[in-house]
Amino acid sequence: MSSKTLKKFLADEIADLKNKGVFRPLRIVDGHQAPWTVIDGKKVINLSSNNYLNLTNHPKVIEAARKATLEYGAGAGAVRTIIGTMRLHDELEKKLAAFKKVEAVLVFQSGFCANQGSIGSIMTKDDLIFSDRLSHASIIDGCRLSRAKIVVYEHNDPKDLQAKLEEYRENPGKKLIVTDSVFSMDGDIAPLPELVDVAEKYDAFFFVDDAHASGVLGSCGRGSVDHFGLHGKVDIQMGTLSKAIGVMGGYIAGSRDLIDYMIHRGRPMLFSTAHPPSVPASVIAAIDILQNEPEHMERLWSNVEFWKTELRNIGFNIGNSVTPITPVIIGEEAASMKFSDRLMELGVFAQGIVFPTVPRGTGRVRTIITAGHSKDDLIKALVAFQKAGKEFGAIS
Ligand SMILES: *Cc1c(COP(=O)(O)O)cnc(C)c1O
């Protein structure tokens with residue numbers, strides 16, 4: 001038996017995606033997630049990975065995963081709150097707390113889970129959440145799960161945030177301000193010092209999502225709070241272990257009470273199995289590398305500077321990016337996707353991104369430079385960008 005209602009629903013939705021030109025089969029990668037990789041059978045320069053420091057391929061990270069698997073097995077076998085917390089999980093959380101200079105840390109299965117599990121459990125239907133207009137989907141989902149009232153403030157605009165807090169001044173509920181530190185589509189940075197000032201003025205507490213700042217900003221990649229010298233001023237920090245750290249997972253850093261509360265109320269903690277031992281083991285190795293091998297971050301930032309300068313010199317519009325995420329803005333939706341396809345023909349993979357992920361008319365290809373790219377790789381990619389840019393009239 002099969003449901004006609006379901007069949008019709010799916011067929012209509014897929015036809016709609018195809019009509020809009022946004023239906024995309026998954027691209028298949030062979031081999032490592034590396035600066036050069038084989039995508040859909042073609043060897044290309046990879047400009048779309050979040051593997052900022054190329055740690056997915058670091059021998060010490062790989063060896064730690066191998067060793068932990070041999071010693072402790074392939075899986076954790078239970079949720080953290082029953083008997084899924086192995087010695088390595090505990091060791092990683094203590095290490096991250098010291099690294100982030102906070103009282104305590106709790107690691108979730110992913111950054112997505114960390115946002116959902118924390119915001120979703122701390123806020124209630126009587127509370128208010130003030131969220132940046134461009135907050136990540138996992139923040140939005142966490143806010144919705146909490147059933148709190150969501151007030152959206154204009155992107156990176158402390159004045160608008162203040163006006164919104166003023167409007168709700170008399171509201172008795174808890175007030176949370178939440179923002180990404182580095183925005184994933186534009187590569188701009190939130191003005192955290194100004195936002196924190198507003199939070200203090202209105203007795204709101206502050207949550208920052210450091211997904212794209214972990215391992216990228218601050219000393220040894222400690223993140224945006226360290227970058228701005230705001231230690232002790234941000235109540236809740238979320239970080240990822242899946243992007244620059246090169247493995248997988250997300251974490252919440254803050255007070256001991258915050259962590260104890262989430263151990264009892266954070267739903268992914270209570271109802272979804274813990275990471276396999278290889279995950280905390282390889283993340284521990286990655287955090288050691290951040291602290292002992294500064295060359296990876298140095299190479300990342302030197303590559304980023306070179307890439308941005310050259311793109312600007314060629315004449316591309318790269319928006320307000322100040323981080324390794326560099327959009328090359330093309331404008332029209334279909335042209336942006338075709339530009340990405342043309343780059344692929346020329347041996348460069350850079351994902352095209354269009355409405356509704358970014359505003360209409362600001363279609364782009366998004367590039368992410370990593371520590372693993374050589375200058376020669378970047379020059380090859382620039383040649384392809386220049387050629388495609390001229391063909392599409394994006395540069396003269
Ligand atoms: C990627 C991302 C997440 C989710 O992290 P995962 O570890 O991939 O689940 C959360 N927030 C932001 C801003 C992100 O870019």
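Thr-37 is buried in this predicted model. Its relative accessible area is 4%, and the cut-off for burial is 20%, so Thr-37 falls under it. The residue sits in strand E2, which spans residues 36–39. Its side chain reaches the backbone oxygen of His-32 at 2.8 Å. Beyond residues up to four places away in sequence, Thr-37 touches Val-29, Asp-30, His-32, Lys-42, Lys-43, Val-44 and Asn-46.

Is His-32 buried, exposed or partly exposed? It is partly exposed, with a relative accessible area of 48%. With neighbours within four places in sequence set aside, His-32 is in contact with Thr-37, Asn-57 and Ile-62.

Helix H2 covers residues 59–72 and helix H12 covers residues 278–292. They pack at an angle of about 150 degrees, and their axes are 8 Å apart. Angles over 145 degrees count as roughly antiparallel, so H2 is roughly antiparallel to H12. The crossing of H2 past H12 is right-handed. Which residues of H2 meet H12? They are Lys-60, Val-61, Ala-64, Ala-65, Ala-68 and Thr-69. On the H12 side, the partners are Ser-278, Ala-281, Ser-282, Ala-285, Ala-286 and Ile-289. By class, this contact has eight nonpolar, three polar and one charged residues.

Thr-179 is another buried threonine, with a relative accessible area of 0%. It lies in strand E7, residues 175–180. Leaving aside neighbours within four places in sequence, its contacts include Asp-132, Ser-135, Ile-139 and Tyr-153. Ala-190, Leu-192 and Leu-195 are also among them.

Now look at the backbone. Most residues other than glycine have a negative phi, and most peptide bonds are trans. Lys-101 is not a glycine, yet has a positive phi of about 60 degrees. It is found in the loop between helix H4 (87–100) and strand E4 (104–108). Lys-101 is exposed, at 51% relative accessible area. Arg-147 is not a glycine either, and its positive phi is about 65 degrees. This residue lies in the loop between helix H6 (137–146) and strand E6 (149–153). Arg-147 counts as exposed, at 67% relative accessibility.

From Phe-355 to Pro-356 the bond is cis, with omega near 10 degrees. Pro-356 lies in the loop between strand E13 (352–353) and strand E14 (363–368).

Ala-334 is found in helix H14, residues 333–345. It is partly exposed, with a relative accessible area of 38%. How many residues apart along the chain are Ala-334 and Lys-20? They are 314 residues apart, while their C-alpha atoms are separated by 9.8 Å.

Definitions and conventions:
Residues are numbered from 1 along each chain as its sequence is written. This is a predicted model: local features need pLDDT of at least 70, side-chain atom pairs count only at pLDDT 80 or more; totals for chains, interfaces and linings use all residues. Side-chain values use heavy atoms; hydrogens and water are left out. Axes are lines fitted to C-alpha atoms, for helices over the stretch in contact, and angles run from 0 to 180 degrees between N-to-C directions. Helices (H or I, at least four residues) and strands (E, at least two) are DSSP runs, numbered from the N terminus. Angles under 35 degrees count as roughly parallel, over 145 as roughly antiparallel, 65 to 115 as roughly perpendicular and the rest as oblique. A crossing is left-handed if the near helix is turned anticlockwise from the far one by less than a right angle, and right-handed if clockwise. Contact means heavy atoms within 4.5 Å. Ala, Val, Leu, Ile, Met, Phe, Trp, Tyr, Cys and Pro count as nonpolar, Asp, Glu, Lys and Arg as charged, and the others, Gly among them, as polar. Buried means under 20% relative accessible area, exposed over 50%, partly exposed in between (1.4 Å probe, protein chains only). A polar contact is a pair of N or O atoms within 3.5 Å; within protein, one must be able to donate a hydrogen and the other to accept it, and residues adjacent in sequence count only if both atoms are side-chain atoms.
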